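Reader: I have a structure open and would like to go through it with you. Could we begin with one residue and then move on to the rest?

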Amino acid sequence: MQTFFEAVAGHARRAPDRVAFTDPDGAITRAGLLADAARLVATLPPAARVVGLLLPNGRAYAVAQLALVASGRIAVPLPGFFSPTQIAHVVRDAGIELILVSPGGEGAVPDGIARQAVAVTGAPGDMPAFREGYGTLIYTSGSTGQPKGVRHESGQVGWSAAALAEAIGAREDDTYLSVLPLSLLLETICALFIPALVGGRVHFDTAVSERIGRGAVTGIAEAFARHQPTTGVLVPELLRLWVVELAAAWARAPDSLRFVAVGGAAVPPAVAEAAWNLGIPVHEGYGLSECCSVVAVNRPGRRVAGTVGEPLPGLTLAVVDGELHVDGPCVTDGYLRGAPALRPWPTGDLAALDTDGRLTISGRKDNLIVTPLGRNISPEWVETTLLADPFIAACAVAADPEGLAALVVPVPPAAEWFAHAGRAAVAARIAAACAGLPPYARPARVRVIEMAPARAAGLFTDNGRIRRRVAHDLLAADVAVAV
């Protein structure tokens, strides 16, 4: 991380008064960021090696991360969308000795754990001294069981930030709009590490990120129109919302945009095409926590629709029996208290590489459905097709005696249509959405469930992924619509 820190310090020496980060409460300059980080380092208990971050998006998060980088500690983001039980588990499992919080945010810290508020003053001061040792432990809620820690303690974050910055052409005149939670490693890399590395500027739209945390997202189009950024990162659900909001307002995305990365799940081709038509320069990417969040991404000017682009420079990709294996500096050190990571890392994702080295992901290996007639069907293939329908917010496909069954969660504005359309109309809509699939991959039955009861049933993980076991139970417990 020394190369990263020296780059940040160099930007501050060259243009100390240039704004680095803003949020609704104010701005902090490059020099102010380093000075606040130095003041925080000076007050951290020397023995606190593993430090939790329980902070909302904003300048304080940037100060805290830089302080942990400078002082060579292990950062453990504590997602705001985790339950108190999950946070308590992470604190115990990671051996967290101190939690950094915003002023007034101490109430969320488990009893018996030291906490310290992060002050943002921007006042002049010294730069922090650098000490090697920075790493991060990433916990994801997953689809089953307790979260487990993924260790990146061998320079993976710094390497990934530099490699991704090179791949996307990140530059000093970039302005990045941050709306995803900073507890996500991808957002930490893209909203904190890359801009700090190249000297760019970031705005945290905390109103949008808070709505994302509550699962009631609106205002994506308005946020991008107001802040006029050049870059941003979204998940497919937010891209779909942006497209819908623009289309409803007969509007276009701001001309300032040059690059918008979308990852975390497959992007329906129809949604990506609609985004480009509305001025959103979508570039699909792929990664996983065990590979420091980014493995491949479509490059500006070299995007190929339907792929997730080329691997980051320095990574080696291979497809072994249909499964993607990754080797290189981004691969995790392993799970906490587990064996060292396998090299190459078997991702569990079904993939293909074309002759130009571009990657296509078709789904999870352990989700593969084998029909009675011996057809192999990736449920993600069918789900991505269904998600091209703007009325559908989420869906899950499972094996069924009739072939395939689909659980469909409509977007809230379309829930009334599904409730009153009748079986024939719903069946016709699903059939139309899947008309381009071969007959064996079209759902024979569909169950529609609204968002609120779906959440109450535990269909979604805390970061919005489908729990397939719950989806299967919901499909089995109700008579579905015959398609």
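Reader: Is Arg358 buried or exposed?

Author: In this predicted model, Arg358 has a relative accessibility of 14%, and because the cut-off for buried is under 20%, Arg358 counts as buried.

Reader: Where does Arg358 lie?

Author: Arg358 is found in the loop that runs between strand 19 (345-353) and strand 20 (359-364).

Reader: And what does the side chain of Arg358 make a polar contact with?

Author: The partner is the side chain of Asp356, at 3.4 Å. If neighbours within four places in sequence are left aside, Arg358 is in contact with Arg302, Val304, Thr307, Gly309, Glu310, Ala352 and Leu353.

Reader: Changing topic, which residues of helix 13 are buried?

Author: In helix 13, which covers residues 423-433, the buried ones are Val426, Ala427 and Ile430. Looking down the axis of helix 13, these buried residues fall within an arc of 100°, so they line one face of the helix.

Reader: What is exposed on the other side of helix 13?

Author: On that other side, Ala424 and Ala432 are exposed.

Reader: Now the whole protein: how many helices and strands are there?

Author: The protein has 15 helices and 26 strands. Its radius of gyration is 23 Å, close to the 23 Å that the globule rule gives for 483 residues, so the protein is as compact as a globular protein of that length.

Reader: How much of the protein counts as buried?

Author: Of its 483 residues, 55% count as buried, while the protein exposes about 20,000 Å², with carbon and sulfur atoms supplying 56% of that area.

Methods: Residues numbered from 1 in each chain as written. Predicted model: local features only at pLDDT ≥ 70, side-chain atom pairs only at ≥ 80, totals over all residues. Heavy atoms only, no water. Buried < 20%, exposed > 50% of the residue type's maximum accessible area, 1.4 Å probe, protein only. Helix = DSSP H or I, 4+ residues; strand = E, 2+ residues; numbered from the N terminus. Arc of directions from axis to C-beta. Polar contact = N/O pair within 3.5 Å; in protein donor to acceptor, adjacent residues only side chain to side chain. Contact = heavy atoms within 4.5 Å. Rg over C-alpha atoms; globule rule 2.2 N^0.38 Å. Areas by Shrake-Rupley, 256 points an atom, 1.4 Å probe, with all protein chains shown as cover.
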